[in-house]
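Hello,

Here is the structure I promised to hand over. Please look at it first, then read the notes below.

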Amino acid sequence: MIDDTLLLAVCGIGASVLLTIAFRLWKKSKGETSVFAQDDSLEDVGLSVLSAAFPSRATTEDFRTVLRPPWGLRIGGPILAALMLIYVDLTPLTESVGWALPEGARILKLVIGAGLAYSTAMLLFVQRVAYDRREIRSYGVDPRPQTRQLSGLTGIEMHPNRPALVLSFADQPHLYIPKYLSGRETFIAEMRAIAAQNAHAAPDHHRSLRYRMGL
């Protein structure tokens with residue numbers, strides 16, 4: 001069994017290192033599309049640090065560029081969540097909602113743990129964005145991909161309230177891309193270039209009208 005004092009000391013040292021890395025990364029990247037741009041809490045900064053500090057490389061799949069969440073987030077995020085789940089006492093929460101079962105806190109932890117295990121599996125093996133010059137596919141918590149044709153792309157921006165990038169289309173629904181994505185700066189630049197190219201192309205009025213009519 002790990003001594004509580006030793007555990008606190010290790011956590012303190014880890015937090016200090018994390019804050020130092022966070023400050024250095026934040027100084028280097030404060031633009032409007034930076035992963036730190038919308039951070040307004042310590043939790044947000046911590047996730048952004050994990051994302052920026054340990055990126056993963058883009059790969060190729062069926063001639064498409066594939067971007068996945070950074071390794072720091074894919075490994076560090078679930079570990080931190082699991083530690084919090086293990087050491088946080090949920091008994092006051094179960095009692096406050098009137099759950100009087102003796103094992104209420106343990107049952108709640110098992111339910112949360114099952115959800116965490118599913119989310120971790122999706123984060124490690126499924127979540128990704130695959131795209132080429134014509135099409136983009138986004139895989140999230142739902143294993144079924146969301147597909148859009150980039151010929152209708154009109155812009156990309158950061159969501160004001162959610163940790164996501166929003167792709168707007170003239171003839172298709174919005175597409176929400178995870179905020180924590182390796183190669184995000186290159187991805188944003190490429191999407192903006194495609195949107196600019198589309199803006200100078202002749203508009204397809206017939207296709208746009210069919211979309212607005214729900215056809």
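The buried residues of α5 are G104, A105, L108, T120, M122 and L123. Buried means under 20% relative accessible area, exposed over 50%, and partly exposed in between (1.4 Å probe, protein chains only). Seen down the axis of α5, these buried residues fall within an arc of 160 degrees, so they line one face of the helix. The arc is that of the directions from the helix axis to the C-beta atoms.

This is a predicted model: local features need pLDDT of at least 70, side-chain atom pairs count only at pLDDT 80 or more, and totals for chains, interfaces and linings use all residues. Residues are numbered from 1 along each chain as its sequence is written, and side-chain values use heavy atoms, leaving out hydrogens and water.

On the other side of α5, R106, L110, V111 and F125 are exposed. The buried residues of α5 pack against α3 (71-87) and α4 (91-96); contact means heavy atoms within 4.5 Å. Helices are DSSP runs (H or I, at least four residues), numbered from the N terminus.

How far apart are the end C-alpha atoms of α5? They are 32 Å apart, which agrees with the 32 Å that its 22 residues (104-125) should span at 1.5 Å a residue. The expected span is 1.5 Å times one less than the number of residues.

Now α3. Its 17 residues reach 24 Å from first C-alpha to last, close to the 24 Å expected. Buried in α3 are G72, L73, R74, G76, G77, P78 and L85. I86 is also placed in helix α3, but I86 is exposed, with a relative accessible area of 56%.

Best wishes

Key:
Helices (H or I, at least four residues) and strands (E, at least two) are DSSP runs, numbered from the N terminus.
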